[in-house]
Amino acid sequence: MATESDLIFSPQANHNFSRILTDLKRANLSISNRLRSIREDADFVNEVAEAFGRPLVANERCGSWYIDPVAKAESAYFKSTDGHVGQWNFSSRRLNLHLLALIGRHDGCIVVDSTRRGKQMPDALSKTVPIWCCVLNRVLFPEAVGLHRLYTPPNVVSPSEHAQAEARIPEHVIALKALDVDVAALRRQIAKPLRPIWVTQESQLVPTENIFDDAHPVICCTSSRRVPGGEMSEGGYIQGAGDDTENWALGLTAPVFWNNIDLLLSTPESDLPDLVQSLVASQAVGPALNTPIQVARCLFVSQLPAPAQQGSTCTVSFAPKTTDQSSWVKSPELMEVGIGKQKLASRNLRVALASICDFVDAYLRGREKMPDVGENSPNQILIACETGKDLSIGVALALVCRFFDDEGNYSPRAPDSGVNKSIIKMKLGRIMMAFPEANPSRATLQSVNSYLMG
């Protein structure tokens, strides 16, 4: 007969059992399992696209893993945190207004995203996108009162949470109107209001061309199937495998994955780390995609290295290192700012902005005195940083607030001449509409606010 000591594991046995479980979980969450899971989910996304006949939009950063770049029509930036309980925000920074033209041309679109194990769909699709649709409907179609309600998936969002989110819609409408967007121009891009619907791997797909008569459908597609328990019961399938790539991807990106998908899926797990590092390295030495992007009338941004410009262009380039401020000005048209990288650079930007703005102001004042400045030789200012989306956007924001009026004409004002949060928000909104992929960090924007408002 078994004794109590036979039935209870010893401390050493417990330790070994825990280690075995950890090893099993780590093996199941391997890179090869993640990539195969992504491919499986991408096949479902293709089925959704075929069923509804609408263009695919990747909700970044996760969504691009599930869409072949050849089939991706656009990127969107709906944050799940804006849909979290108690938040229910409409982002004045991530307006996603660039999607309207696509929606209008194709009578809707399919927004693709994923979520981690246990959740049925990401908050970005269940709440952030519906809030976005509702706010735009009220601003662009004020007469269509019957379509002003908030739509959320009832199997995911409770009636209480729905009511609380809908109660905040009026303040979001006011916030959008305060950005002074061109409502008439946006209204011309779509013929009908927007209405979200939701598709998961549990949905029954039926080919459908005409979804709504009185609204453009915004189809919220959750690419991954729901895994209620642990992944070890799923035969290697991982829900939301494309999420949290910084923890597993070894630098692999969605474009590199899709460009080498057959090679990656056929490589044994033991060889994958070396292969991924090789592919990432070869991508890094490829041609730099640093074509300048216009964010205001005479303002352009790019990633490093700053592309060669004509002699009349004023260039502010951020070196990813710290250098003495006295060495920054290289010529009347070139400034190389060294304030470090990433978070350090964003914090140091506050102090650097005074010198940067003085440098650009001197360039603009000098240009005003030249007789040939105008259509034949317009002012051009290029700001380049490591990503082309962070520090460069912060500097562009500071410059439009300091030196340009609403038409983009040079109209300098003192740093303390009444610039407030509303003006900064409005100017940032216009920059983000011109360059939706821009992603200034919170620290960068705080530095700009501190410089402009003191």
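Predicted model: local features only at pLDDT ≥ 70, side-chain atom pairs only at ≥ 80, totals over all residues.
User: Let's begin with sheets. What is the strand order in the open sheet of 5 strands?

Analyst: Here is the general idea: strands of a sheet pair through backbone hydrogen bonds, either parallel or antiparallel. Strands are DSSP runs of E with at least two residues, helices are runs of H or I with at least four, and both are numbered from the N terminus. Two strands pair if DSSP finds at least two bridges between them. In this structure the order is β2-β1-β3-β5-β4, with parallel pairing. The edges are β2 (72-76) and β4 (194-199), each of which pairs on one side only. On average, neighbouring strands of this sheet are turned by 30 degrees against each other, direction ignored.

User: Which residue in β2 is the bridge partner of N59?

Analyst: That is A76. Strand β1 (residues 56-59) and β2 pair in the parallel sense over 4 bridges.

User: Which strands does α4 lie across?

Analyst: Contact means heavy atoms within 4.5 Å, and axes are lines fitted to C-alpha atoms (for helices over the stretch in contact), with angles from 0 to 180 degrees between N-to-C directions. Helix α4 lies across β1, β2, β3 (109-113), β4 and β5 (216-222), and runs at about 140 degrees to β2. Helix α5 also packs on the sheet, touching β1, β3, β4 and β5, and its direction makes about 165 degrees with that of β4.

User: What does G104 touch?

Analyst: G104 is part of helix α4 (residues 99-106). Leaving aside residues up to four places away in sequence, G104 touches Q189, I190 and H216. G104 and A191 are 87 residues apart in sequence, yet 6.5 Å apart in space, C-alpha to C-alpha.

User: Now a helix. Which residues of α6 are buried?

Analyst: Buried means under 20% relative accessible area, exposed over 50%, and partly exposed in between (1.4 Å probe, protein chains only). In α6 (residues 159-167), the buried ones are E161, H162 and A165. Seen down the helix axis, the buried residues fall within an arc of 100 degrees, so they line one face of α6; the arc is that of the directions from the helix axis to the C-beta atoms. On the other side, P159 and A167 are exposed. The cover over the buried residues includes α5 (123-140) and α7 (169-178).

User: How many residues are in the largest nonpolar core?

Analyst: A nonpolar core is a set of buried Ala, Val, Leu, Ile, Met, Phe, Trp, Tyr and Cys residues joined through side-chain atoms within 4.5 Å. The largest one has 47 residues, and F318 and I381 have the most contacts inside it. Elements that each supply at least two residues of this core include β8, β10 and α12 (342-368). Among the residues that I381 touches are C298, C314 and L399. A second, separate core of 39 residues includes C221, A249, L272 and V276.

User: How does β10 pair with β8 and β9?

Analyst: Strand β8 (residues 313-319) runs parallel to β10 (residues 334-338), joined by 5 bridges; V316 has M335 as its bridge partner in β10. By contrast, β9 (residues 329-331) and β10 pair in the antiparallel sense over 2 bridges. A hairpin joins β9 to β10 through 2 residues.

User: How many disulfides does a search of the whole structure find?

Analyst: A disulfide is a pair of cysteine sulfur atoms within 2.5 Å, and the search finds 0. The closest cysteine sulfur to that of C134 is in C133, 8.6 Å away, which is too far for a bond. C314 is in no disulfide either, with the nearest cysteine sulfur, that of C298, 9.6 Å away.

Notes. Residues numbered from 1 in each chain as written. Heavy atoms only, no water.
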